[in-house]
Amino acid sequence: MTTLLRLVAATFLATLTLPALAAPAAAAAVATPADPDRSLKGDFGPPMGEPIHATLTSPPEVPPPTRRFYPAKVIVELEVREVEKEISEGVRYTFWTFGGTVPGSFIRVRQGDTVEFHLKNHPDSKMPHNIDLHGVTGPGGGAASSFTAPGHESQFTFKALNAGIYVYHCATAPVGMHVANGMYGLILVEPPEGLPPVDHEYYVMQGDFYTVGKYREKGTQPFDMQRAIDERPTYVLFNGSEGSLIGDKALKAKVGESVRLYVGNGGPNLVSSFHVIGAIFDRVFFEGGTHFQENVQTTLIPAGGAAMMEFHARVPGSYVLVDHSLFRAFNKGALGILKIDGPENKAIYSGKEVDSVYLADKAIAAPAVERATTAAAKGKLTKDEQIKAGEKLFTGTCSVCHQLNGQGLEGVFPPLAKSDVLMGDLKRVIGIVLNGLTGPVTVNGKNFNSVMPPMSQLNDDEVANILTYVRNSWGNEDAQVSSADVAEIRKTTKRPAGAAH
């Protein structure tokens, strides 16, 4: 069906089924111009009816469909705020944001709408900012008209000529730094006939972040310009923080429901290989445009680009959202969960919940770890708090080899339960965790031959908590291991190149 015929059909159906949403009397004529080229460019004439104030939502929520079949004047009011938040558990970072969140507020309009855009910069901001919307036809995507000092407001107007899902971001120099601090979001320009209804719509956006401290190093971390220039991110994240889409914050759906994801990539540097483990996308509108590909496993989303993908929930379980450049997912944070509830369908899948050891500690809701971090910061960390935090970390990091019961695997991975090596020299044990161990080792009089990689992704607190847990479990009994013990060995022990941060 041609674009013109779709518009005619949509307008006709609207007059029959949606009287409450009907436009002023002349809307049908405006929404179906005689010139098909006008239709393609989205110029459906001047706005009609009363101005509409856009509903903006914070991630992962999406505003409701416009449900309009005529062009309107839409007023968008967006405030820039510079806020300090957690980027990872126990790690603070100063984000520059549109609307107080990373990514910024989701904006939804209809093709043909005239958008009156108000950009406000909070008085507490320390930097000027502006906005470049990729859905704008005009110099700088609005950046040339929206440079806004702290405590000021700018206004400009544009017509949304092209349907699609578009990135917006700050374009104030140094542009890369503003984007790297979280200044990006998505604007959806619906086609005139709207999008097909689905049960759930979610907003996910990837970004790469650059901190002076290493991955998961506690405390407040400043931005590292040289890391950003070298394109060596400390974190690669969905929705601005590690853990933003796990536990109670996981996306949700039920068996039989349809899901639409609006996925953007703020960059500023990396391309995303977006994938949902265990799901196949029915349709992917690649690069945010009007064409789609069917039955897609993984889709590329460039920095400054977006895609829209749709699929159906077929069987229950935890579906893992990742950047399939997998070290980004499991060692830099680009990981989230879509939790699907409902009856099993063994004709499609025999059934088994995704193992926590597969998801790693990134996907485990671990208040015990948070409590231990808070207590350690106050100098009041107890042995019991360390054991509980260490158990969570062990489950996501070590149990796949050493097993949840600490028994290991005969002839391959040595046991930790009542282990003479584990319960021996603490400095040696810490060194093994930090540097790894390759080749034969004798534990409790039995020989094992395998490889333990360096656990360099773990910080001092995490290593101390894990060792306190394993040295006080399965018949083992010992005192606390402190982060200072780990830090001492980390500083004095030679490690293979690349094994330590």
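Biologist: Leaving aside its neighbours within four places in sequence, which residues is Arg68 in contact with?

Modeller: This is a predicted model, and in it Arg68 touches Ile52, Val74, Arg110, Asp113 and Pro192. Arg68 itself sits in the loop between strand 1 (52-53) and strand 2 (73-88).

Biologist: Why does Arg68 count as buried?

Modeller: The cut-off for buried is under 20% relative accessible area. Arg68 comes out at 9%, so it counts as buried.

Biologist: And how much of the chain is made up of buried residues?

Modeller: 53% of the 501 residues. The chain has 13 helices and 23 strands.

Biologist: Take strand 3 (residues 91-98). What makes you call it largely enclosed by the rest of the structure?

Modeller: Six of its eight residues are buried, so the rest of the structure largely encloses strand 3.

Biologist: Which way do strand 2 and strand 3 run, parallel or antiparallel, and how many bridges join them?

Modeller: They run antiparallel, with eight bridges. One of the bridge pairs is Val80 with Phe98 in strand 3. The two strands form a hairpin with two residues between them, and Gly90 in the turn has a positive phi of about 80°.

Biologist: How do you know that strand 3 and strand 11 (residues 219-220) pair?

Modeller: Pairing takes at least two bridges. Strand 3 and strand 11 have two, in the parallel sense, so they qualify as paired. Arg92 stands opposite Thr220 in strand 11.

Biologist: There's also an open sheet in the order 13-21-20-15-18. What makes strand 13 (251-254) and strand 18 (298-301) its edges?

Modeller: That sheet has five strands and mixed pairing. Strand 13 and strand 18 each have a single partner strand, so one side of each is left without a neighbour in the sheet. On average, neighbouring strands here are turned by 20° against each other, direction ignored.

Biologist: How does strand 15 (residues 272-277) pair with strand 18?

Modeller: In the antiparallel sense, over four bridges. His275 has Thr298 in strand 18 as its bridge partner.

Biologist: On to the helices. Why are helix 11 and helix 13 called roughly perpendicular to each other?

Modeller: Roughly perpendicular covers 65 to 115 degrees. Helix 11 (residues 426-435) and helix 13 (residues 483-492) pack at an angle of about 70°, with their axes 10 Å apart. The angle falls in that range, so the two count as roughly perpendicular. Helix 11 passes helix 13 in a right-handed crossing.

Biologist: Which residues meet there?

Modeller: Leu426, Lys427, Ile430, Gly431 and Leu434 in helix 11 face Asp485, Val486, Glu488, Ile489 and Arg490 in helix 13. They split into five nonpolar, one polar and four charged.

Biologist: What makes helix 11 count as largely enclosed by the rest of the structure?

Modeller: Seven of its ten residues are buried, so the rest of the structure largely encloses helix 11. Among those buried are Val429, Ile432 and Asn435. Their cover includes strand 22 (437-443), strand 23 (446-452), helix 12 and helix 13.

Biologist: How do you know whether Gln403 is buried, partly exposed or exposed?

Modeller: Buried is under 20% and exposed is over 50%, with partly exposed in between. Gln403 is at 26%, so it counts as partly exposed. Glu231, at 46%, is partly exposed by that rule as well.

Technical notes:
Residues are numbered from 1 along each chain as its sequence is written. This is a predicted model: local features need pLDDT of at least 70, side-chain atom pairs count only at pLDDT 80 or more; totals for chains, interfaces and linings use all residues. Side-chain values use heavy atoms; hydrogens and water are left out. Buried means under 20% relative accessible area, exposed over 50%, partly exposed in between (1.4 Å probe, protein chains only). Contact means heavy atoms within 4.5 Å. Axes are lines fitted to C-alpha atoms, for helices over the stretch in contact, and angles run from 0 to 180 degrees between N-to-C directions. Angles under 35 degrees count as roughly parallel, over 145 as roughly antiparallel, 65 to 115 as roughly perpendicular and the rest as oblique. A crossing is left-handed if the near helix is turned anticlockwise from the far one by less than a right angle, and right-handed if clockwise. Ala, Val, Leu, Ile, Met, Phe, Trp, Tyr, Cys and Pro count as nonpolar, Asp, Glu, Lys and Arg as charged, and the others, Gly among them, as polar.
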